[in-house]
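This report describes one protein chain, shown below. It goes from the whole chain to a few selected places.

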Amino acid sequence: MDKKTCKNIVKENSLSILAMHPHGIIPLHALLWGGFCTQMMPEFYGVGASTSIALRLPVLRQILRFMGVVSTQKKALIHSMQVEDKGLLILPGGVAEIFLSHRRRTVSNVGNVRDVRQGNLQSIKAKRYGLMKLSLQTGAAITPAYVFGATDLFDQLAPVTGDKRREDASIHEHSITFLDRISEVMESFSRRMKGGITLFWGKFYLPIPYTPKLTLCLGDPIYPVPGTEGSESNINGKKRTCKKIANPSEEEVVELMERYTKAIHSLFEQYKDEAGYGNDELEIL
């Protein structure tokens, strides 16, 4: 991807939010994208957002701070976007998507490769009303992004199943395993800690990532208030925005959410064959 391609998606003088799915167990894909933009295309990256617990861990804290990552607290995000005129890179799925991460496994079958992961179902947590409200309040356009292969970097002991699998399990109670119970407990604990805590591994059962093909797909910007692009500016006047709504109504938030989830689903369907995930289905929670 070059600057010309990015300019067609994100305008340099426009405030934007890049919303990337899925989170994965460790979002190395987001770190790679943030690092690449910091060095090669700084105008397309301002700040990243991470949980408070990640910003307190030794070593990781220094790496994230070096890349301009701030807390996901709303006050910090609004200050970075409106006062410092910085765009935002965020993984909206957060802790929920960590536990929804299922590594795709393939086996040889008479010379062909077939997918043997249960259901070929990729689940993401995209219905984030807080993110929609942030977009409406700051006037920032949301650029949806999907990274195929992000969930294939690591394995984990007890991933949480999506709604469709839960429905199947409720029909057959015996299909709910001990690991399913463990995953629910670990997810609940992680939510209380405000950070993902799970048992995972990569190559050689070490925290060394596998090497799947990663395909980053960017969608068209979603303007919070269509038809008002560039009509307002930030505090310093350096970034143009859509019309800002200080207190958006529930209807306005829901309407933007519907456009966002539809765009994510369309992005997945448009590029899944090219990315090598043609048999997969996207579940938006």
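## The chain as a whole

Of the contacts in the chain between residues at least 6 apart in sequence, 76% join residues at least 24 apart; contact means heavy atoms within 4.5 Å. The model is predicted: local features need pLDDT of at least 70, side-chain atom pairs count only at pLDDT 80 or more, and totals for chains, interfaces and linings use all residues. Residues are numbered from 1 along each chain as its sequence is written, and side-chain values use heavy atoms, with hydrogens and water left out.

The secondary structure comes to nine helices and 14 strands. Helices (H or I, at least four residues) and strands (E, at least two) are DSSP runs, numbered from the N terminus. The chain has 285 residues, of which 47% count as buried. Buried means under 20% relative accessible area, exposed over 50%, and partly exposed in between (1.4 Å probe, protein chains only).

## Confidence

The predictor's confidence in each residue is given as pLDDT, from 0 to 100. Its mean over the chain is 83, and 85% of the residues reach 70 or more. Over residues 106–119 pLDDT stays under 50, and the model has 20 contacts beyond four places in sequence for this stretch.

## The largest pocket

The largest pocket has a volume of about 1400 Å³. A pocket is an open set of points on a 1 Å grid over the protein atoms alone, where a 1.4 Å probe fits, with protein on both sides within 12 Å along at least five of seven lines; lining residues have an atom within 4 Å of a point. Grid points are joined across faces, edges and corners, and the volume is the space filled by probe spheres set on the points.

The lining has 44 residues, and His-23, Ser-50, Thr-51, Thr-72 and Gly-94 lie nearest the centre of the pocket. Among the elements that give two or more residues to this lining are α2 (28–40), β2 (47–50) and α6 (129–138). The largest share, four residues, comes from α5. By class, the lining has 26 nonpolar, 14 polar and four charged residues. Ala, Val, Leu, Ile, Met, Phe, Trp, Tyr, Cys and Pro count as nonpolar, Asp, Glu, Lys and Arg as charged, and the others, Gly among them, as polar.

## Aromatic pairs

The structure holds seven aromatic pairs. Rings of Phe, Tyr and Trp (its six-membered ring) pair if their centres lie within 6.5 Å; planes under 30 degrees apart count as stacked, over 60 as edge-to-face and the rest as tilted. Trp-33 and Phe-36 form a tilted pair, 6.1 Å centre to centre with 35° between the planes. They are separated by about one helical turn, because they are three residues apart in helix α2. Trp-33 is buried at 10% relative accessible area, whereas Phe-36 is partly exposed at 34%.

Phe-154 and Phe-200 form an edge-to-face pair, 5.3 Å centre to centre with 85° between the planes. Phe-154 lies in the loop between β8 (141–148) and β9 (155–156) and Phe-200 in strand β10 (residues 200–201), so the pair ties together parts that are 46 residues apart in sequence. Phe-154 is buried, at 4% relative accessibility, and Phe-200 is partly exposed, at 30%.

## Two further places

Ring pairs link Tyr-146, Phe-148, Phe-268 and Tyr-277 into a cluster. Thr-215, in strand β11 (residues 215–218), touches Tyr-146, Val-147, Phe-148 and Ala-275, not counting residues up to four places away in sequence. Thr-215 counts as buried because its relative accessibility is 18%.

Ile-53 is in the loop between β2 and α3. Its C-alpha atom is separated by 7.6 Å from that of Met-193, 140 residues apart along the chain. Beyond residues up to four places away in sequence, Ile-53 touches Met-193, Lys-194 and Gly-195.
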